[in-house]
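Before the discussion goes further, please look over the coordinates with the points below at hand. They are kept to what can be checked directly.

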Amino acid sequence: HTDLPVVVYPNRGGTWDPGPKWWIGDDLPDGLGPLALELRFAGALLIGGCCGTRPADIMAAAAALHPAA
């Protein structure tokens, strides 16, 4: 618990394979939208995306967090 702003930037949930240097798996089949809502509810102020996220994931997060926008 903290009073400081929390920033999160989850990846798509895959596992990094250091041999071929790529991500394996995809644990966010519905995109980042539902997870963004959970993260906001948990207190995240800024929500982005990291490894494996795509523009569609960021758009899904924005749509979930700001449905009227």
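Predicted model: local features only at pLDDT ≥ 70, side-chain atom pairs only at ≥ 80, totals over all residues.

1. Residues are numbered from 1 along each chain as its sequence is written, and side-chain values use heavy atoms, with hydrogens and water left out.

2. R12 lies in the loop between β1 and β2 (15-17), where strands are DSSP runs of E of at least two residues and helices runs of H or I of at least four, numbered from the N terminus. R12 is buried because its relative accessible area is 7% (buried is under 20%, exposed over 50%, partly exposed in between, with a 1.4 Å probe and protein chains only).

3. The side chains of R12 and D57 are joined by a polar contact of 2.4 Å (a pair of N or O atoms within 3.5 Å; within protein, one must be able to donate a hydrogen and the other to accept it, and residues adjacent in sequence count only if both atoms are side-chain atoms). Neighbours within four places in sequence aside, the residues in contact with R12 (heavy atoms within 4.5 Å) include D26, C51, R54 and D57.

4. D26 sits in the loop between β3 (22-24) and α1 (33-41), and counts as partly exposed because its relative accessibility is 34%. Not counting residues up to four places away in sequence, D26 touches R12 and R54.

5. L4, in the segment before β1 (6-8), counts as exposed because its relative accessibility is 62%. The C-alpha atoms of L4 and L45 are separated by 9.5 Å, with the two residues 41 apart along the chain.
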